[in-house]
Amino acid sequence: MKQLHIVLIPSMAQGHMIPMLEMAKLFITRGLKATIIATPSFSAPITKAQSSGLEVGLALTPFPPQGSSLPPNIVSFDQMTNPDLTSKFLRAMEMLQDSVEAILQDLRPDCLVSDMFLPWSADSAAKFGIPRLAFYGTSYFSRCVSDQIELRKPFNSVTSDSEPFLVPGLPHEITLLRSQISPFFLEESDNDFAKLFKQMNEAWKKTYGEVVNSFNELESAYANHYKNVIGRKAWEIGPLLLCSTSDKNQQRGKESAIDEHECLSWLDSKKPNTVVYVCAGSVATFSQAQLRETAAGLEASGQNFIWVVRKNKEEDEDWMPLGFEERVRNRGLIIRGWAPQVMILNHAAVGAFVTHCGWNSTLEGVCAGVPMVTWPVFAEQFFNEKLVTEVLGTGVSVGNKRWILRESEGVERDAVARAVEEVIVGGGAVEMRRRAQNYKEMAKKAVEEGGSSYNNLNDLIEELSDYVAPTKQDTN
Ligand code: UDP
C-alpha cells in the first residue's frame, strides 16, 4: 500500500495545537507521513519533537499574514481580548488560505486534517482533489448537544435564565440553563464569531468526515448518535495523548513555569489522593474577584492544592487575600504561568482536578483516572461538564451558571470549598474515584493494538487509501 501523506493544520491556540501534534505522532507511529502547517509562535514543540527523532514535517506560515491589520504581537486566541482584535484575528485566519494552498501545492498530500476554525480549508482540499477531515477537538457529547441546540432551539421553551430546558433527542435526559449556552445560539447575530460558525457549518457540506479525540467506551451512545442519528462520518481515534509513544516529559504546549523536579518533589511529599489540581486551561481567565473567592475557597476546604494562575494576572496580585500564601505554605503550591499539567495529573498524590472542562483537560483528567470538579467558563465547556457529572458520574459541579466569554466570575468561596471537599473526602469520593479509574483503564485499552481507537484508525486509513475525489457530476 502506498504511504499516505497527511497534512494537519491546527489553529492558533494551545488547546488546538497540542492534540494536533499528538495526532501527527499517532499517524507516524502507524506508518503514515505527517506534516503540520504551523505559525512560528506554535512551532517550538514541533521542532523539539523533530530534534528528539520524530519524523514529523513542519511547514511554517507567517502569522499575522502579510497585509493583515492585526498587530504583529497578536498571535494566539488568548490574545483576542476585545471585539476589534477578535475581528482582525479572525480575518487574519482567513487570510492564511493563500499561503496554505501554496504549501499544499508543494507537498501534494493525500489528506488534509484541519481545525474547525479554518472552514476555507474545505475548499483548499477540494482544489487539490483530496479529502478534508475536520477536527473540532471536543467530545461527541458536546457535538451532539450543540447540534440539537442549534437545530431545535429548545431554550425557546423557557422564559427565564433560571428555568432549565431539556435538550431533546439525546440518549440521556440532559438539561441546561439558557445562561449556560453561548449567545451565538440564542441570538441571530452577525458578529464575527457568528459568521465564522455559519462558515463552519457550510464547510461541513464539503468535508469528508471528522476525527474525534475520544474513545468509544467513554461515550459510545453519543458516538453512535453522532454517526447514525445525525448522520456524520466520524472516527474516534483517541485519547491522542495516550497514542504518542514519545517520552512523557516532553514539552506539551509551552515551557513549564515551574521546575518540574521541584513540582514532583512537592507532590512526593503528599499522601496519595490528597492534592487537588486547579487549572482553567490556556484561554479562560478568572476576574480579580473570582481569584479572591477561589483562594478563600481552597483555603477553607482544608485540602492540599496546586493552583495554576495565568501569567497575565501576575502583575497585579491585589486579589490575593492578605497572608494567604503564608497560611497555606505547607499545603498549597501556586504555579504562575504554564503548568506541566499531564505530569501533575498523573502523580499518585493528585486526588482530583478542578477543571474548566476544555476537552483536552477533561480527557487528561479521564486518562489520569481522577475525579473532577467541573467549572466551565465558555465555549462548549458547559456541555462537557454534563458529560462528566451526569453521564460518566466522575465529578461534581462547582455550580457556575453563567457562560461568559473567557472570564469566569460569580462562583463563591463556599461553593469552591464544598466541591473540593466532596471530590477528595466526601461520601461519594471513593465511588467516583473507582469509576474514574475504570475509565482510565478503558482509555489505555482503546489505543492498544486491537483496541477500539486503534481499529478505528485502521478503518480510516483504509478508507483514505481508497479515496477517489468526487467528479463535478457527483457534486452537482
Ligand atoms: N495546559 C497545560 N498547562 C497549563 C494550561 C494548559 O499543559 O498551565 C494544557 C492542557 O494540558 C491542555 C491544553 O493546555 O492540553 C488546554 O486545552 P483545553 O482543551 O483543556 O482548554 P483550552 O485551553 O483550549 O480552553
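Me: In which sense do strands β1 and β2 pair, and over how many bridges?

Reply: Two strands count as paired if DSSP finds at least two bridges between them. Helices (H or I, at least four residues) and strands (E, at least two) are DSSP runs, numbered from the N terminus. In this predicted model, local features need pLDDT of at least 70 and side-chain atom pairs count only at pLDDT 80 or more, while totals for chains, interfaces and linings use all residues. Residues are numbered from 1 along each chain as its sequence is written. Here β1 (residues 5-9) and β2 pair in the parallel sense over four bridges. Within β2, K33 is the bridge partner of H5.

Me: What is the handedness of the unit made by β1, α1 and β2?

Reply: A crossover is right-handed if, with the strands pointing away from the viewer, the path from the first strand over the helix to the second runs clockwise. By that criterion β1, helix α1 (residues 14-29) and β2 form a right-handed β-α-β unit. From β2 the chain then crosses through helix α2 (residues 44-51) to β3, and this β-α-β crossover is right-handed as well.

Me: How many residues of β2 are buried?

Reply: Burial is read from neighbour counts: a residue is buried if 20 or more other C-beta atoms lie within 10 Å of its own, exposed if 12 or fewer, and partly exposed in between, with C-beta atoms placed from the backbone. Strand β2 (residues 33-38) is mostly covered, with five of its six residues buried.

Me: Which residues are closest to the ligand?

Reply: A residue is assigned to the surroundings of a molecule if its C-beta atom, placed from the backbone, lies within 6 Å of it. The ligand is surrounded by 21 residues, of which G15, G281, S282, G358 and S361 are the closest. The elements that supply two or more residues to this shell are α1, α14 (341-345) and α15 (359-368). Helix α15 gives the most, with four residues.

Me: Which domains does the domain assignment give?

Reply: Domain bounds come from an automatic or database domain assignment. For this protein chain the assignment gives domain 1 (5-245 + 447-467) and domain 2 (260-440). Each of domain 1 and domain 2 contributes at least three residues to the shell around the ligand.

Me: What separates the centres of the two domains, and how many residues does the contact take from each?

Reply: The centres of domain 1 and domain 2, taken over C-alpha atoms, are separated by 26 Å. Two residues are in contact if their C-beta atoms, placed from the backbone, lie within 7 Å. The contact takes 29 residues from domain 1 and 23 residues from domain 2. On the side of domain 1 that touches domain 2, the elements giving two or more residues are α1, α6 (140-152), β7 (174-176) and α10 (240-243). The residues of that side divide into 14 nonpolar, 13 polar and two charged.

Me: Where are the cis peptide bonds at P64 and P239 placed?

Reply: The bond from F63 to P64 is cis, with omega near 0 degrees, and P64 is found in the loop between β3 and α3 (83-94). A cis bond also joins G238 and P239, with omega about 0 degrees. P239 lies in the loop between β9 (234-236) and α10.

Me: Why is R108 classed as exposed, and why is N273 classed as partly exposed?

Reply: R108 is exposed because 11 other C-beta atoms lie within 10 Å. Its phi is near 50 degrees, a positive value in a residue other than glycine, and R108 is found in the loop between α4 (96-107) and β4 (111-115). N273 is partly exposed because 19 other C-beta atoms lie within 10 Å. N273 is not a glycine, yet has a positive phi of about 60 degrees; N273 is in the loop between α11 (260-268) and β10 (275-279).

Conventions:
Ala, Val, Leu, Ile, Met, Phe, Trp, Tyr, Cys and Pro count as nonpolar, Asp, Glu, Lys and Arg as charged, and the others, Gly among them, as polar.
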